Amino acid sequence: MISEEQFQNELDLIIANAVREDVGDGDHSSLACIPASAQGKAKLLVKDEGILAGVDFAKQVFNYVDPKLTMEILLEDGAKVKYGDIAFYVEGSSQSILKAERLVLNAMQRMSAIATKTQDFVSILDGTGTKILDTRKTTPGIRALEKWAVKIGGGENHRFALYDMVMLKDNHIDFAGGIAKAIQKTKDYLSEKGKDLKIIVEARDLKEVDEILKAGGVYRILLDNFDYDETREAVKRIGDKCLTESSGGITEDTIRKYAECGVDYISSGALTHSVYNMDLSLKAV
């Protein structure tokens, strides 16, 4: 994953762009009927059940829109919530609260949904020693928020983007002329560029697992679309030579069975691309 500084820069970009997109040259609905001097207070009301996420992000949004806004936080990120819970109060300029409202809700509704789904997967894996990973199958422009939500839900982050880890998938391997060539070319490239990046290689069958092990120097082998028997055999062959990851259409119904095959990680795009927003509202009080 990227550094904390890089991650914060991603968040800053998201906030600035989202406010630009939503506010433009002004929130004319509020400007038209609410005096600039008006002060108000609002609460973040939970109208659903699950894992709350995005409170810390909301704090950053309110501060960006108006540093004079103050928050009273009642529930932190990662809290289990139910209908009727109040996550926080925000107080200050009424115009500023309304300007920030939609961005806060859009982000928190989606982040909470992702955190909730992740926690469901984590619960299923309890006791196996296998960790759940996200993927790059995220909403363009807000990847940092979605990966943050996975962490809040108890999951682990895969690489953030194309630049912070090498992942050789089927197309890379085929275009490079095979596994051995793809891995060697990658090692040469990283050495030439002076980059210290971990290498993950995808295997489509047990033969390719053997080829990857023979080439060596790999951080993790991704077992793509293996069945249970193939996964167990792959884990046995790999041993402690490198880490293992299962992927490919794994669902809530199958994830524990794959974990019981002994893999270190299971990655799922569904954590971020197949969620329904948690119902949250920001209501004046």
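Modeller: Two strands pair if DSSP finds at least two bridges between them. Strands (E, at least two residues) and helices (H or I, at least four) are DSSP runs, numbered from the N terminus. This is a predicted model: local features need pLDDT of at least 70, side-chain atom pairs count only at pLDDT 80 or more, and totals for chains, interfaces and linings use all residues. Residues are numbered from 1 along each chain as its sequence is written, and side-chain values use heavy atoms, with hydrogens and water left out.

Colleague: What joins strand E8 to strand E9?

Modeller: Four bridges, between E8 (residues 199–203) and the parallel E9 (residues 220–224). The definition asks for at least two, so E8 and E9 pair. Glu202, for one, has Leu222 in E9 as its bridge partner.

Colleague: What order do the six strands of the open sheet have?

Modeller: E6-E11-E10-E9-E8-E7, with parallel pairing. Strands E6 (131–133) and E7 (166–168) pair on one side only, which makes them the edges. Neighbouring strands are turned by 25° on average, direction ignored.

Colleague: Which helices lie across E9?

Modeller: Helix H8 (residues 206–215) lies across E8 and E9, at about 155° to E8. Helix H9 (residues 228–238) lies across E9 and E10 (243–247), at about 165° to E9. Angles run from 0 to 180 degrees between N-to-C directions, on axes fitted to C-alpha atoms, for helices over the stretch in contact. Contact means heavy atoms within 4.5 Å.

Colleague: Why is Ser112 called buried?

Modeller: Its relative accessible area is 0%. Buried means under 20% (1.4 Å probe, protein chains only), so Ser112 qualifies. Ser112 belongs to helix H4 (residues 94–125).

Colleague: What does Ser112 contact, leaving aside neighbours within four places in sequence?

Modeller: Ile51, Leu52, Ala53, Met278 and Leu280.

Notes
Buried < 20%, exposed > 50% of the residue type's maximum accessible area, 1.4 Å probe, protein only.
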